[in-house]
Amino acid sequence: MALRHPIESDDLDNREGVTILRGQVALDFFEQEVQRLLGMSGDEFLRRYDAGEYEDMEDSLENRNYLRASFLIPFARNNS
């Protein structure tokens, strides 16, 4: 019996065990994770990131979630 992916969507591409998120699914994932990591909206994080607010942030345990959130930016941009 074959198992189906728990999320069925045209915005998912599953190749060789890797699920690629696109479109609204990717945006929703970005929003959810930024809210979980930083307690702010994805739009607010991107606005502050683009303004350079995090450029000189000290590399510390207290600031690690900002770095983690920055790794998620490709889910919000160019995800077609």
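How many residues does helix 1 have, and how far does helix 1 reach from its first C-alpha to its last? I started my notes there, bearing in mind that this is a predicted model.

**Entry 1: helix 1**

I find 16 residues in helix 1, running over 23-38. The reach from first to last C-alpha is 22 Å, close to the 22 Å expected at 1.5 Å a residue.

Next I looked up burial. Val25, Ala26, Phe30, Glu33, Val34, Leu37 and Leu38 are buried in helix 1. They sit on the same side of the helix, because they cover an arc of only 160 degrees around the axis. On the face turned away from that buried side I noted the exposed residues Gln32 and Arg36.

**Entry 2: salt bridges**

My count comes to 4 salt bridges.

- Arginine 36 and glutamate 33 meet through their side chains at 2.7 Å, N to O. Both lie in helix 1, 3 residues apart, about one turn of the helix.
- Glutamate 44 bridges to arginine 47, with the closest N and O atoms 2.9 Å apart. This pair lies in helix 2, again with a spacing of 3 residues. Glutamate 44 is partly exposed at 28%, and arginine 47 is partly exposed at 48%.
- Arginine 77 and aspartate 50 meet at 2.5 Å, N to O. Arginine 77 belongs to the segment after helix 4 (73-76) and aspartate 50 to helix 2, so this bridge ties together parts that are 27 residues apart in sequence. I have arginine 77 as partly exposed, with a relative accessible area of 30%.

A reminder to myself on the spacing within helices: an α-helix has 3.6 residues a turn, so residues three or four places apart point the same way.

**Entry 3: aromatic rings**

Searching the whole structure gave me 5 aromatic pairs. Phenylalanine 45 and tyrosine 54 are stacked, with centres 5.4 Å apart and 20 degrees between the planes. Both of these residues are buried. Tyrosine 54 also pairs with tyrosine 66, this time tilted, at 5.0 Å centre to centre and 40 degrees between the planes. Tyrosine 54 is in the loop between helix 2 (42-50) and helix 3 (64-70), and tyrosine 66 is in helix 3, so the pair ties together parts 12 residues apart in sequence. Tyrosine 54 has 12% relative accessibility, while tyrosine 66 is partly exposed at 24%.

Which residues do the ring pairs link into a cluster? I get Phe30, Phe45, Tyr49, Tyr54 and Tyr66. Phe30 was already in my notes as one of the buried residues of helix 1.

Definitions and conventions: Residues numbered from 1 in each chain as written. Predicted model: local features only at pLDDT ≥ 70, side-chain atom pairs only at ≥ 80, totals over all residues. Heavy atoms only, no water. Phe/Tyr/Trp six-rings, centres within 6.5 Å; stacked < 30°, edge-to-face > 60°. Buried < 20%, exposed > 50% of the residue type's maximum accessible area, 1.4 Å probe, protein only. Helix = DSSP H or I, 4+ residues; strand = E, 2+ residues; numbered from the N terminus. Expected span 1.5 Å × (residues − 1). Arc of directions from axis to C-beta.
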